[in-house]
Structure formats: structure tokens, C-alpha cells
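Subject: Structure for your review

Dear colleague,

Please find below the structure I am handing over to you.

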Amino acid sequence: MTRWIDTLECNAAAYFCELLGLLVDRGGSVGISSLTEDERRQAGDIGYQITSGGTELVVEALRELPRPKVPAPKTLSTSCSKDSQRCLRGGIERCCSLHSAGLPI
């Protein structure tokens, strides 16, 4: 049985393992270019341990990563809510700034 990682060229598979290992080990706060050679090797080892277990382990590892906080969507201001459909088509920020300035949409 061929694993999907074995279908990649060696450099692509190694890079994937390094990135996955870095993400699992340190989260998204560190870039791979800032690592020492030993740290990069360690990240590759972690990633390889995961990928060698198959697609299911890769998916599981990615699912277990903490999710970044996504900012709440912008809401319409009170003055914009009376004409929300036109505001949404024209962009909320534009609409609210026009209303704030007392200008028509």
C-alpha cells in the first residue's frame, strides 16, 4: 500500500513534515526560516511521525490545533440599519461613513 506522502518528491515530503511538525510543536507563531538546523530537524521528525501514520493521523493532528480567534463581523450602525440592503451592497464601512457624514448612500 502506498502512502500519499510517498507520492511526493523527497524535498516536498520533507518540507511538509517540517511545516507540520513545527505547527504541531509550536503553533503558528514561529516561521520555519527562524529555526536552527537542529530545530528544523526536530520539527521534521515530529511531522514524519504524524505523516507516517497515514492521512487519518495528519487530519487528526490538524483538527487538534488551536483555532485562531477570528474577529467578529462588522455590524451595521443604527443609522445604517434602516437601509441595510443598500449598505451591504455598497460595503458597510462606506455606508456607515457616509451616514456619519450626513450624506446619502
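A salt bridge is a side-chain nitrogen of Lys or Arg within 4 Å of a carboxyl oxygen of Asp or Glu. That definition applies to the side chains of aspartate 38 and arginine 41, which meet in a salt bridge with an N to O distance of 2.8 Å. Please bear in mind that the model is a predicted one.

Salt bridges

How many salt bridges does the structure hold? The number is five.

Aspartate 38 and arginine 41 both belong to helix H2, where they are three residues apart, about one turn of the helix. Arginine 41 also forms a salt bridge with glutamate 37, and here the closest N and O atoms are 3.0 Å apart. Arginine 41 and glutamate 37 are separated by about one helical turn because they are four residues apart in helix H2.

Are these residues buried or exposed? Exposed means over 50% relative accessible area, and buried means under 20%. Aspartate 38 has a relative accessibility of 54%, so it counts as exposed. Glutamate 37 is likewise exposed, because its relative accessible area is 62%. Arginine 41 has a value of 43% and therefore counts as partly exposed.

A further salt bridge links aspartate 25 with arginine 26, with 4.0 Å between the closest N and O atoms. Aspartate 25 is partly exposed at a relative accessible area of 42%, and arginine 26 is partly exposed at 33%.

Threonine 51

Where is threonine 51 placed? Threonine 51 lies in helix H2, which covers residues 37-51. Its relative accessibility is 0%, and therefore threonine 51 counts as buried.

Which residues is threonine 51 in contact with, leaving aside its neighbours within four places in sequence? They are Trp4, Ile5, Phe16, Cys17, Leu20 and Val58.

Arginine 41 is partly exposed, whereas threonine 51 is buried.

Yours sincerely,
A colleague

Terms used: Residues numbered from 1 in each chain as written. Predicted model: local features only at pLDDT ≥ 70, side-chain atom pairs only at ≥ 80, totals over all residues. Heavy atoms only, no water. Helix = DSSP H or I, 4+ residues; strand = E, 2+ residues; numbered from the N terminus. Buried < 20%, exposed > 50% of the residue type's maximum accessible area, 1.4 Å probe, protein only. Contact = heavy atoms within 4.5 Å.
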